[in-house]
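Please look over the sequence and the model below before reading on.

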Amino acid sequence: MIRPANKNDIKRIIELLHQVNMVHHVLRPDLFKPYTTKYDEQELESLLNDESKPIFVYDDGEVRGYAFCQVSEVKGHKLLEDVKTLYIDDICVDENARGKHVGKSLYKYVRDYARSIGCHHITLNVWEGNDAALSFYRNMGMQVQKTTMETIL
């Protein structure tokens, strides 16, 4: 079952955040520190109270995955059309639950949620080299919107 995250989920979400961080650290040790998380318990508790940043969890008796989202809107911009976007900031499936459609279920739930609140599209970022994530999102019907490039000096 997928549901909004609550305070009781924080400890488990922190464990999953460690898994995601290590994936990123292995890909880009020049950018990501090992053995840490992007949020601590207080920051997570604050996020849980922010309606513009919903967090959903896949819970089958234990939290097996999560999706951190951010809803934003452009209105009255000189160049851009008015648009409401759901950005998937982070999706994680526990390494022991992969291949069991947890990610697919989370993605479909987020997609349906985005539709229900009137979003035009869903966006996210995938780090180069994270081929499993890239393949997953392509299989979910996503396509490249833009490319960020870098030169390391």
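## Terms and basis

A residue is called buried when its relative accessible area is under 20%, exposed when it is over 50%, and partly exposed in between, with a 1.4 Å probe and protein chains only. By that scale Y35, at 67% relative accessibility, counts as exposed.

This is a predicted model, in which local features need pLDDT of at least 70 and side-chain atom pairs count only at pLDDT 80 or more, whereas totals for chains, interfaces and linings use all residues. Residues are numbered from 1 along each chain as its sequence is written, and side-chain values use heavy atoms, with hydrogens and water left out.

## Packing of helices α1 and α2

Helices (DSSP runs of H or I, at least four residues) and strands (runs of E, at least two) are numbered from the N terminus. Helix α1, residues 10-27, packs against helix α2, residues 41-48, at an angle of about 115 degrees, and their axes are 10 Å apart. Such axes are lines fitted to C-alpha atoms, for helices over the stretch in contact, and the angles run from 0 to 180 degrees between N-to-C directions. The two helices are therefore roughly perpendicular to each other, on a scale where angles under 35 degrees count as roughly parallel, over 145 as roughly antiparallel, 65 to 115 as roughly perpendicular and the rest as oblique. 

The crossing of α1 past α2 is right-handed; a crossing has this hand if the near helix is turned clockwise from the far one by less than a right angle, and is left-handed if anticlockwise. On the α1 side the contact (heavy atoms within 4.5 Å) is made by I10, I13, I14 and L17, and on the α2 side by E41, L44, E45 and L48. These residues divide into six nonpolar, no polar and two charged, where Ala, Val, Leu, Ile, Met, Phe, Trp, Tyr, Cys and Pro count as nonpolar, Asp, Glu, Lys and Arg as charged, and the others, Gly among them, as polar.

I10 is found in helix α1 and is buried, with a relative accessible area of 7%. Not counting residues up to four places away in sequence, I10 touches E41, L44, E45 and L48.

## Cysteines

How many disulfides does a search of the whole structure find? It finds zero, a disulfide being a pair of cysteine sulfur atoms within 2.5 Å. For C92, the closest cysteine sulfur is in C69, 14 Å away, which is too far for a bond; C92 is also buried, with a relative accessible area of 2%. C119 is likewise in no disulfide, and the nearest cysteine sulfur, that of C69, is 9.3 Å away. With 14% relative accessibility, C119 counts as buried.

F68 lies in strand β3, residues 63-74, and is buried, with a relative accessible area of 3%.

The place of P54 is in the loop between α2 and β2, the latter spanning 55-59, and P54 is buried, with a relative accessible area of 11%. Apart from neighbours within four places in sequence, P54 is in contact with A67, F68, C69, V71 and Y113.

Y35 is placed in the loop between α1 and α2, while H101 lies in the loop between β4 (83-93) and α3 (102-116). H101 counts as exposed, at 52% relative accessibility.

Helix α4, residues 131-139, holds L134, which is partly exposed, with a relative accessible area of 28%. L134 and S116 are 18 residues apart in sequence, and their C-alpha atoms are 25 Å apart in space.
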